[in-house]
Amino acid sequence: MLPSRPLLHAVVFALAVLQALASDTFIAAVYEHAVILPDDTDEPVSPDEALALMNKNMDVLEGAIKEAAQQGAHIIVTPEDGIYGWRFTRETIYPYLEDIPDPVVNWIPCSDPTRFAPAPVQERLSCMARNNSIYVVANIGDKKPCNSSDPSCPSDGRYQYNTDVVFDPEGKLVARYHKYNLFRRETQFNYPKEPETVTFETPFGKFGIFTCFDILFREPAVVLVSELQVDTVLFPTAWMNVLPFLTAVEFHSAWAMGMGVNLLSANTHNIGLAMTGDGLFTPEGPDAYHYDSETEEGRLLLAELSAHPRLSPTYPPAVNWSSYATSIKKYPREKDTFLGAVRRDIFTFSELRRKAGNYTVCQGDLCCHLVYRMSNKSKDEVYVLGAFDGLHGSLIKYHWQICTLLKCKSTDLKTCGQPVEMAQTKFEMFSLSGTFGTSYVFPEVLYSGVELAPREFEVLRDGRLKSKHGTSKPLLTATLFGRLYEKDLPHPLRTSP
């Protein structure tokens, strides 16, 4: 006689747990999804129409989840806005929202769908996880009713939150996270009253979760890693790439290395909005990543990661990010500097006029030092050393310290800092450092074609970002991103919801 379906699920889940416990690694997956978007409208659609659109996207996600599970993945992360998109006002997004309970209720929507009904999206996600014996991470919208007894209650009588959910291989809701740092266009959602630090335990490590813009701020991103000591961060995002620095693969890889943690980054895919770039990033660099600005196709990535990276023999040592740079006395500041804009940020630049040399450029409290040697300098290309120490952002302002070796868009120095994707010049060696006033510094190297350079550079304990054996491909940027969280300005939009 065949076992009952619940018993079969229990057996499969138990075997998966035993398998994970027997190994110090796990297989992770992320899916970059080309979201099917709703029509632009000023009027809310019916709940049935909203669900029909969400089911179209979930059909695609379910295919990726099945494929990941068949390849042995223990967990899969899907993107922010991956189920309904982003063309919404506060009113028009309402039919897409569900009331998502606190995970302490111990709920499996797949087997008990009416307990917190109506919840067809949660039910389907739960069944995807349960039927494939895999953790499923998704981004949906949460609604919470309120009334006049709450002085912060919005006039329409509800809170609306950008929300991540996690279902375990039994289909149980094990995590719910409300995005704390909303991007300025997310007027359809409320800010949570307090930042949430959401963690949960798995057979393959302690996990934390946050969303997109959150990664740039201390709460919850740094708190999860530095204080709560998670092993892996789950990161649904809808990231719009901004060259030369803030491309998704570049900064997310840098953040994982700087924080010393696994980052499972799943991006939405929309080339019209420059959205692409996801990856499985580790403290040692990217294990797998994808960047495609040409096609409209989604992409599934898988990699085997360390379940407890801090215990790995290859875990990077602690870095004193200002040690080397502050010890330098012999390099005078460059006299021949000029100012250039990287979007709204005004950098101090110095042109690298020789094929080899050492340079120092300063701005504010930050001095950046570079030692380099080019191997095939193109006559049509100009490189600069740049420093930035100040507030970044047009509305929400946060403090950066950045040292960068950067290719200019053309030989006209006025183009230094403008977006560029291709280069011809390789470097035999480079060593970049800075007098950073923070321990939170994120290193990354970006090659021509917006490609990363996994394992081709190292960060020394004294704070130098150094090439190992020269660059195998032409260089776009080598950058150290420093964040002085304590100098951030108060958030202008975050008021009690």
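Helices (H or I, at least four residues) and strands (E, at least two) are DSSP runs here, numbered from the N terminus. This is a predicted model, where local features need pLDDT of at least 70 and side-chain atom pairs count only at pLDDT 80 or more, while totals for chains, interfaces and linings use all residues. Residues are numbered from 1 along each chain as its sequence is written, and side-chain values use heavy atoms, with hydrogens and water left out. The protein splits into domain 1 (25–311) and domain 2 (322–487), with bounds that come from an automatic or database domain assignment.

**How the two domains meet**

- The C-alpha centres of domain 1 and domain 2 sit 32 Å apart.
- Domain 1 puts 32 residues into the contact and domain 2 puts in 33, where contact means heavy atoms within 4.5 Å.
- Between them, the two domains bury about 2700 Å², with 72% of that on carbon and sulfur atoms; buried area is the accessible area (1.4 Å probe) that two parts lose on being put together, summed over both.
- Leu243, Pro244 and Phe245 provide 24% of the area that domain 1 buries against domain 2, more than any other three residues.
- There is 1 salt bridge between domain 1 and domain 2, the term meaning a side-chain nitrogen of Lys or Arg within 4 Å of a carboxyl oxygen of Asp or Glu.
- Arg455 and Asp287 form a salt bridge, with their closest N and O atoms 3.2 Å apart.
- On the side of domain 1 that touches domain 2, the elements giving two or more residues are helix H4 (218–227), helix H5 (248–259), strand S10 (278–282) and strand S11 (285–290).
- H5 makes the largest contribution to that side of domain 1, with 9 residues.
- By type, that side of domain 1 has 20 nonpolar, 7 polar and 5 charged residues. Ala, Val, Leu, Ile, Met, Phe, Trp, Tyr, Cys and Pro count as nonpolar, Asp, Glu, Lys and Arg as charged, and the others, Gly among them, as polar.

- Leu243 and Pro244 are joined by a cis peptide bond, with omega at about 10 degrees; Pro244 lies in the loop between strand S8 (232–237) and H5.
- Another cis peptide bond links Ala117 to Pro118, with omega at about -5 degrees. Pro118 belongs to the loop between S2 and H3.
- Ala274 has a positive phi, near 60 degrees, in a residue other than glycine, and its place is the loop between strand S9 (262–267) and S10.

**Salt bridges and rings elsewhere**

- The structure holds 19 salt bridges.
- One of them pairs the side chains of Glu80 and Lys179 at 2.9 Å, N to O. Glu80 is in the loop between strand S2 (75–77) and helix H3 (120–132), and Lys179 is in the loop between strand S5 (173–178) and strand S6 (198–202), 99 residues apart.
- Aromatic pairs come to 32. Rings of Phe, Tyr and Trp (its six-membered ring) pair if their centres lie within 6.5 Å; planes under 30 degrees apart count as stacked, over 60 as edge-to-face and the rest as tilted.
- Phe338 and Phe349 have ring centres 5.8 Å apart and planes at 45 degrees, so this pair is tilted. Phe338 is in strand S13 (residues 338–342) and Phe349 in strand S14 (residues 345–351), 11 residues apart.

**Around Asp488**

- Asp488 is in the segment after strand S24 (475–483).
- Leaving out residues up to four places away in sequence, Asp488 touches Phe217, Lys397, Tyr398, His399 and Arg483.
- The side chain of Asp488 reaches the backbone nitrogen of His399 at 2.8 Å, and it makes a polar contact with the side chain of Arg483 (2.8 Å).

Key:
Polar contact = N/O pair within 3.5 Å; in protein donor to acceptor, adjacent residues only side chain to side chain.
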